[in-house]
Amino acid sequence: MRSRNLSQVVLAEDWQNGGFGLYLHWPFCEAKCPYCDFNSHVTRAIDQSRWRAAYLREIERYAAELPGRVVNSVFFGGGTPSLMEPETVAEVLQAVYRAWPMANDLEVTLEANPGSVEAGRFRAYADAGVSRVSLGVQALNDQDLRRLGRIHSVAEAIQAYDIAKENFNRVSFDLIYARQDQDLESWREELNRALEMAVDHLSLYQLTIEGGTAFGDRYAAGKLRGLPEDDLAADMYHITQEICDAAGMSAYEVSNHARSGSESRHNLIYWRYGDYIGIGPGAHGRITCAGQRHATETWLQPDRWLREAERGEAEAQRTALSGPAQAGEYLLMGLRVSEGIDTQRFTALNGTPLDHRALEHLREIGMTEMEGTRLRATRRGRAVLNAVITELLP
Ligand SMILES: C[S@@+](CC[C@H](N)C(=O)[O-])C[C@H]1O[C@@H](n2cnc3c(N)ncnc32)[C@H](O)[C@@H]1O
Ligand code: SF4
């Protein structure tokens, strides 16, 4: 009986190892990029006051359910949240401040597209309480920006980036590599240029061809030419690591690079498997209430989400997660980050430890390493993370 109580306490408190955050999804964009499978839509008329009220209502609903939680991070993601009126961002943040106490080092991030309209709002976002911007630059080459379907030029991206730096201490930007007709040498040059621009954080994503996107359709029809073969893409990944290491911006996660101490607090909540509320169309959450962790999911379609939120609740699904299910998610998220996972925490969630033979095998082939109770995927292991995880969780 005693041990059962202990395990219940462990499960009820586990989220505290990762902290608590709020993700808010803005599902609209000015144009749909052909590679993107995020929940983003192009709509002519958006009634911001309706959206604002709906977000506020959802925040109040969660505040009643999870009172007293200290908020470590708020993240406005999308879509293109820099299309939100600053007033909307300000009111959402005011509602969050009313709902919960804030951590001293609260991080408030907003994803922005590098258009001039968006950059013109940066000052107002900073006044509203945003402390960090993540800018979708994607490429430092105009021809490639066009091929990625982007509606901004490199010059506009750099201008937006400069304005972001004037307004925020913490500015990150995203690049996509392994693009059509990109070779190793041009990526090396582009990355070095990016590192000269970078403040303290950079996200470098390998282009993924997602089903259901315009690129996915073109690829299936054999019409998306010039994509790098697997070997070249792997070489690009490896030189990315080398160049970033040399510049003091090592990867702390598969695609994320930062100077030490400048990691995205918000993403660390996911990777350290904390609790987070997901508000907005299609947003996911993990919340522990009454001692039980749940996965939450909201209505995906923006108009449906809006209607349901206005009626009082936009959560479409809530699923209680068993201890082993949580352990699996912790492993999946935790091995993405260079700090890895605490195997004792895994065992406490799972009820049983990781398979000793699988661990030994992965260590022998250089995919993972142990230090004390921590299990980490090596750089090689992180490059083939799905295979590593399949071996650990057959
Ligand atoms: C949700 S998007 C939001 C950023 C913002 N809307 C923009 O496009 O500038 C986050 C990032 O994911 C990356 N991304 C999206 N789809 C991708 C894909 N298919 N392959 C690689 N990276 C992708 C892009 O770098 C993008 O900036
Ligand atoms: S990449 Fe960004 S701007 Fe493009 S469709 Fe996706 S969310 Fe919208």
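Across the interface of domain 1 and domain 2 in this predicted model, four residue pairs are found in polar contact, with both residues of each pair at pLDDT 80 or more. Helices α10 (230–246) and α11 (265–271) each contribute at least two residues to the side of domain 1 that touches domain 2. The most on that side, three residues, comes from α10. Two salt bridges are counted between the domains. Arginine 336 is joined by a salt bridge to glutamate 253, with their closest N and O atoms 2.5 Å apart.

The domain assignment places domain 1 at residues 15–270 and domain 2 at residues 323–394. Their centres, taken over C-alpha atoms, are separated by 28 Å. In the interface, 10 residues of domain 1 are in contact with nine residues of domain 2. The size of an interface is often expressed as the accessible area lost when the parts come together. Between domain 1 and domain 2 the buried area is about 980 Å², and carbon and sulfur atoms account for 51% of this area. Within domain 1, the residues that lose the most area to domain 2 are Tyr237, Glu253 and Val254, which together make up 38% of what that side buries.

The largest nonpolar core comprises 81 residues, of which Phe76, Trp100 and Phe173 touch the most other members. Helix α2 (residues 48–65) provides the largest share of this core, with seven residues. Leaving aside neighbours within four places in sequence, the contacts of tryptophan 100 include Phe20, Leu22, Ile59, Tyr62, Val71 and Ile277. Another core, of 22 residues, lies apart from the largest one and has Leu349, Leu359, Leu375 and Ala377 among its members.

Definitions and conventions
Residues are numbered from 1 along each chain as its sequence is written. Chains are lettered from A and ligands numbered from 1 in the order in which they are written. This is a predicted model: local features need pLDDT of at least 70, side-chain atom pairs count only at pLDDT 80 or more; totals for chains, interfaces and linings use all residues. Side-chain values use heavy atoms; hydrogens and water are left out. A nonpolar core is a set of buried Ala, Val, Leu, Ile, Met, Phe, Trp, Tyr and Cys residues joined through side-chain atoms within 4.5 Å. Buried means under 20% relative accessible area, exposed over 50%, partly exposed in between (1.4 Å probe, protein chains only). Helices (H or I, at least four residues) and strands (E, at least two) are DSSP runs, numbered from the N terminus. Contact means heavy atoms within 4.5 Å. Domain bounds come from an automatic or database domain assignment. Buried area is the accessible area (1.4 Å probe) that two parts lose on being put together, summed over both. A salt bridge is a side-chain nitrogen of Lys or Arg within 4 Å of a carboxyl oxygen of Asp or Glu. A polar contact is a pair of N or O atoms within 3.5 Å; within protein, one must be able to donate a hydrogen and the other to accept it, and residues adjacent in sequence count only if both atoms are side-chain atoms.
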